[in-house]
Amino acid sequence: MARTRKIRLQNIISLLSIRLFTWLNEDSCHFIEFAEYHLGQLKAKIAKLRTQLLEPPKGSSGAGEGFEVTKYGHGRVALIGFPSVGKSTLLTMLTGTHSEAASYEFTTLTCIPGIIHYNDAKIQLLDLPGIIEGASEGKGRGRQVIAVSKSSDIVLMVLDASKFPCFVCKLIMQYLQSEGHRQILTRELEAVGLRLNKRPPQIYFKKKKTGGISFNSTVPLTHVDEKLCYQILHEYKIHNAEVLFREDATVDDLIDVIEGNRKYMKCIYVYNKIDVVGIDDVDRLARQPNSVVISCNLKLNLDRLLARMWEEMGLVRVYSKPQGQQPDFTDPFVLSADRGGCTVEDFCNHIHKSIVKDVKYVLVWGASARHYPQHCGLGHLLQDEDVVQIVKKKEKEDGGRGRFKSHSTAPARISDREKKAPLKT
Ligand SMILES: Nc1nc2c(ncn2[C@@H]2O[C@H](COP(=O)(O)OP(=O)(O)OP(=O)(O)O)[C@@H](O)[C@H]2O)c(=O)[nH]1
Ligand SMILES: [Mg+2]
């Protein structure tokens, strides 16, 4: 029922877009404005329906036949892509874990985990079944694949370099309004609330109990105005809220903020099979943003892929140094901004939750220190390959501090002295 409604709404949107285009040609500003408000409203409606579609049906426990594997290591990377692009071959190459690879589609039918040992850290790599257009609506095992990729720290979108359209094909595709594999996958992931290589919109939004809607902006807005914002909020049945635009955001950004369940993830586009394309095409692919070109068969550029992955994950290795001893450089504590943070306090919590209350200060050597060693507090932000020595508070001592400290065991006050027994006469 909801699905038919969604399709109907999408049809309305495309119809409206065509009309909008005609009106643009006719230069009728009044209608353009009218259409913009309606498009905004319809976008909000579709986003609302999509969220409803993704929610598990009422009364169900929510547990489905997913193929979630236990988290292991310091980070998790998911391999997603169309079937037969070489995901399993890549997993076998990078981790040594065997995953069946064959020239027919849908060779992999479940999630296969492997471990990459890189820079003294362990990174879990997940090989997933291939996904196809319509995965977000449940085609194939699309839903489960997307759910697993949502739980990872970054996504590697594996693409077949030989299927990348050339310049002429691109023009034809533009004319026919068809999309390449990369656009299709991005659209599928966006449909379930995953935003790739984007940062959260700079919009402050807070629901309130009373007071109506307060709309403000710190920059001039070109995509959204007060009326459109009110209409979108009305669509969500929100009548009391505070909205502050800190950037020139679009209607989609506003909807994302209102929905509040979007996940912003980093994605590397991995073009595999460059051994079967010409050098000009490889050069063109390699120059695209967030892209790495590789060949699993010839083991080309895999080290660059690992380095890029490490860079994007932003892992911070911290070595602890016991007092009077050398640090152990083989066993780092791995922190990251996405998993708890990278401050001294996070480092202490990583060792044990009870340590923080006993810390007096820490000594830091490395990139984050201004001089060696730097005395730092709990809020100090650590950087990769820092060495940290924790200095604990001493047990509370009696008898004053510094030069007032008394070393004798004699009572400090006369009144505390033990009274001698009176002399016997
Ligand atoms: N030429 C070439 N072929 C490759 C390369 N990497 C993988 N292949 C071939 O591509 C085919 C598919 O590889 P798989 O690793 O099974 O692909 P997949 O993405 O895991 O496929 P599904 O599990 O079906 O989703 C196999 O026949 C591989 O030998 C490469 O770098 N170059
Ligand atoms: Mg496979």
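This briefing describes strands, helices and individual backbone features of one predicted model. Because the model is predicted, local features need pLDDT of at least 70 and side-chain atom pairs count only at pLDDT 80 or more, whereas totals for chains, interfaces and linings use all residues. Residues are numbered from 1 along each chain as its sequence is written, and chains are lettered from A and ligands numbered from 1 in the order in which they are written. Helices (H or I, at least four residues) and strands (E, at least two) are DSSP runs, numbered from the N terminus.

- Strand β1, residues 75-81, is mostly covered, with seven of its seven residues buried; a residue is called buried if 20 or more other C-beta atoms lie within 10 Å of its own, exposed if 12 or fewer, and partly exposed in between, with C-beta atoms placed from the backbone.

- An open sheet of five strands, with mixed pairing, has the order β12-β11-β15-β13-β14, and its edge strands, each pairing on one side only, are β12 (333-336) and β14.
- Neighbouring strands of this sheet are turned by 35° against each other on average, direction ignored; the axes are lines fitted to C-alpha atoms, for helices over the stretch in contact, and angles run from 0 to 180 degrees between N-to-C directions.
- Within the sheet, β11 (residues 315-320) and β15 (residues 386-392) run parallel and are joined by three bridges, and Tyr319 stands opposite Val387 in β15.
- Helix α11, residues 344-351, packs on the sheet and touches β11, β12, β13, β14 and β15, while its direction makes about 130° with that of β12; two residues are in contact if their C-beta atoms, placed from the backbone, lie within 7 Å.

**Helices α8 and α4**

- In helix α8, residues 251-259, the buried residues are Val251, Asp253, Leu254, Ile255, Asp256 and Ile258, and the helix is followed by Gly260, whose phi is positive, near 70°.
- Arg143 is found in helix α4, residues 142-150, and is partly exposed because 18 other C-beta atoms lie within 10 Å.
- Arg143 and Glu188 are 45 residues apart in sequence, and their C-alpha atoms are 10.0 Å apart in space.

**Backbone features in loops**

- Most residues other than glycine have a negative phi, and most peptide bonds are trans.
- Asp120, in the loop between β2 (112-118) and β3 (121-127), has a positive phi near 65°, and counts as partly exposed because it has 15 C-beta neighbours inside 10 Å.
- Asn290, in the loop between α9 (279-286) and β10 (291-293), has a positive phi near 55°, and counts as partly exposed because it has 14 C-beta neighbours inside 10 Å.
- Tyr372 and Pro373 are joined by a cis peptide bond with omega about -15°, and Pro373 lies in the loop between β13 (359-365) and β14 (374-376).

Notes: Two strands pair if DSSP finds at least two bridges between them.
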